[in-house]
Amino acid sequence: MAEAARRRTRGWLPRTAGLLLGTLALAVAFIAAYVGALHDPRPHDLPVGFVLRDQRAAAVLSAVRGQTDTVKPVEYDDPGAADDGLRGREVYAVLSSRPDGLLLTIASASGPSATERSPRCSRRRPSATAPR
């Protein structure tokens with residue numbers, strides 16, 4: 001009788017242990033993937049456009065890029081091309097200079113991290129305030 005119980009235990013114990021270890025390994029893999037993907041959830045290299053001839057906007061974006069990797073300046077030949085890039089979602093924002101200061105035009109319906117981060121980057125310099 002004891003021998004029969006041992007045989008039954010030998011049959012299901014290895015399979016059960018294998019399933020438990022496999023499930024544990026799968027759970028650890030999912031947790032590692034989730035934590036690895038979210039280890040630094042701030043935006044990096046958000047494309048912000050500017051026109052090549054606009055030296056003030058280029059200087060501001062260059063200064064911001066020198067301090068952080070949040071924005072990535074994207075050059076356009078003329079304002080129309082910059083607006084097309086904004087509408088086509090090539091860039092999240094376009095920085096341009098006006099007689100009364102700088103204007104940051106933000107694309108609508110972008111992700112919240114992109115639309116919130118772009119104006120914050122432009123506010124670091126006093127000359128880069130965008131009218132609301």
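User: Why is alanine 107 called buried?

Analyst: In this predicted model, alanine 107 has a relative accessible area of 6%. Buried means under 20%, so alanine 107 is classed as buried. Alanine 107 is placed in the loop between strand 4 and helix 4 (112-122). Its C-alpha is 9.4 Å in space from that of glycine 88, with the two residues 19 apart in sequence.

User: Why does leucine 38 count as partly exposed?

Analyst: Its relative accessibility is 45%. Buried requires under 20% and exposed over 50%, with partly exposed in between; leucine 38 therefore counts as partly exposed. This leucine 38 is found in the loop between helix 1 (2-37) and strand 1 (46-51).

User: What makes the nonpolar surface patch that includes Leu38?

Analyst: The patch is made by Ile31, Tyr34, Val35 and Leu38, and its area is about 440 Å². Patch residues need over 30% relative accessible area, and leucine 38 has 45%, so leucine 38 passes that cut-off.

User: Which residues make up the largest nonpolar core, and what makes such a set a core?

Analyst: Membership requires buried nonpolar residues joined through side-chain atoms within 4.5 Å. The largest such set has 11 residues: Val48, Phe50, Ala57, Val60, Leu61, Val64, Val71, Ala93, Leu95, Leu102 and Leu104. Strand 1, helix 2 (55-67), strand 3 (93-98) and strand 4 (101-106) each give two or more residues to this core. Helix 2 supplies the largest share, 4 residues. Apart from this core lies another, of 7 residues, including Val51, Tyr76, Leu86 and Ala107.

User: How do you know that strand 3 and strand 4 pair?

Analyst: Pairing requires at least two bridges. Strand 3 and strand 4 are joined by 6 and run antiparallel, so they count as paired. One of the bridges has serine 97 with leucine 102 of strand 4 as its partner. The two strands form a hairpin, with 2 residues between them.

User: How do you know that strand 1 and strand 2 pair, and in which direction do they run?

Analyst: Here too the cut-off is at least two bridges. Strand 1 is joined to strand 2 by 6 bridges, and the two run parallel; they therefore pair. Phenylalanine 50 stands opposite glutamate 75 in strand 2.

Key: Residues numbered from 1 in each chain as written. Predicted model: local features only at pLDDT ≥ 70, side-chain atom pairs only at ≥ 80, totals over all residues. Heavy atoms only, no water. Patch = residues over 30% accessible without salt bridge, like charges linked within 9 Å, V, L, I, M, F, W, Y side chains within 5 Å. Areas by Shrake-Rupley, 256 points an atom, 1.4 Å probe, with all protein chains shown as cover. Salt bridge = Lys/Arg side-chain N within 4 Å of Asp/Glu carboxyl O. Buried < 20%, exposed > 50% of the residue type's maximum accessible area, 1.4 Å probe, protein only.
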